[in-house]
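Where do the contacts lie along the chain, and how do the aromatic rings pair? The text below goes through the fold and then the rings.

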Amino acid sequence: YGGSGSGKTILVGSLAAKYKTLFLNTEGLGPQSLNVYPDWFKNLDIINIDTITDFDTCIERLLKGGHDYKAVVLDSLTNFQFVMSDEIIQNELSNDAQDIKKGRKVYKPHDPDMLEQMDWGKILHRMWLKVTKLQYLALTQGIHVAVTCQLGEKLDPRDKEKKEMIYFPSLRGAWQAMIGQYFSLYAYLSGESYERGKDVVFQN
């Protein structure tokens with residue numbers, strides 16, 4: 001996990017320098033920062049993940065075998081969590097609409113723009129299902145799995161001068177602290193990257 005421009009996508013994308021890699025993109029325009037390494041694209045297949053079904057379909061096909069992928073990247077888990085949140089909200093709005101259509105009383109219509117208290121358990125559980133699917137893929141298929149997260153930050157409450165910051169993966173709720181236990185390597189990428197010819201230099 002790290003801030004914008006810290007080199008997260010390049011770091012996980014470098015798997016394609018050695019392995020046939022499936023890149024699950026949730027970041028809009030995709031991994032454009034990898035254009036500096038055109039040779040990687042020979043080993044890289046990019047699929048846009050716009051729904052939970054998109055993700056589930058990819059993982060289930062990988063688990064069935066019969067492919068030559070040796071690595072899977074999810075870039076980023078932060079944005080994928082927003083995809084899950086939006087589907088939860090849309091499902092609740094659809095349920096409200098069905099209740100109204102059938103003449104049932106809706107005491108408090110769901111907020112169309114944000115998760116409500118009853119939704120937090122759903123998002124935590126769905127996150128667990130998706131992350132453990134990735135973990136199972138690695139353990140059973142021997143596939144390298146890499147996941148990025150955007151950067152969250154807040155003032156360190158232990159710092160009386162209120163100058164020190166705490167950095168963490170930008171994830172909802174308990175997943176800020178839980179995500180590390182599901183991966184063999186968990187790191188904060190603190191540098192800023194910049195291009196120098198064909199090389200990428202990380203400043204830490």
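**Contacts, fold and aromatic pairs**

Among contacts in the protein with a separation of 6 or more, 65% are between residues 24 or more positions apart; a contact means heavy atoms within 4.5 Å. This is a predicted model, in which local features need pLDDT of at least 70 and side-chain atom pairs count only at pLDDT 80 or more, while totals for chains, interfaces and linings use all residues. Residues are numbered from 1 along each chain as its sequence is written, and side-chain values use heavy atoms, with hydrogens and water left out.

The protein has five helices and eight strands, taken as DSSP runs numbered from the N terminus (helices H or I, at least four residues; strands E, at least two). Their order along the sequence is α-β-β-α-β-α-α-β-β-β-α-β-β. Of the 204 residues, 38% are buried, where buried means under 20% relative accessible area, exposed over 50% and partly exposed in between, with a 1.4 Å probe and protein chains only.

Rings of Phe, Tyr and Trp (its six-membered ring) pair if their centres lie within 6.5 Å; planes under 30 degrees apart count as stacked, over 60 as edge-to-face and the rest as tilted. This rule gives five aromatic pairs. Tyr1 and Tyr188 are stacked because their ring centres are 5.4 Å apart and their planes at 20 degrees. Tyr1 lies in the segment before α1 (8-13) and Tyr188 in the loop between α5 (175-178) and β7 (192-196), so the pair ties together parts 187 residues apart in sequence. Tyr1 is buried, at 17% relative accessible area, whereas Tyr188 is partly exposed, at 33%. Trp175 and Tyr182 form a tilted pair, 5.4 Å centre to centre with 35 degrees between the planes, and both residues are buried.
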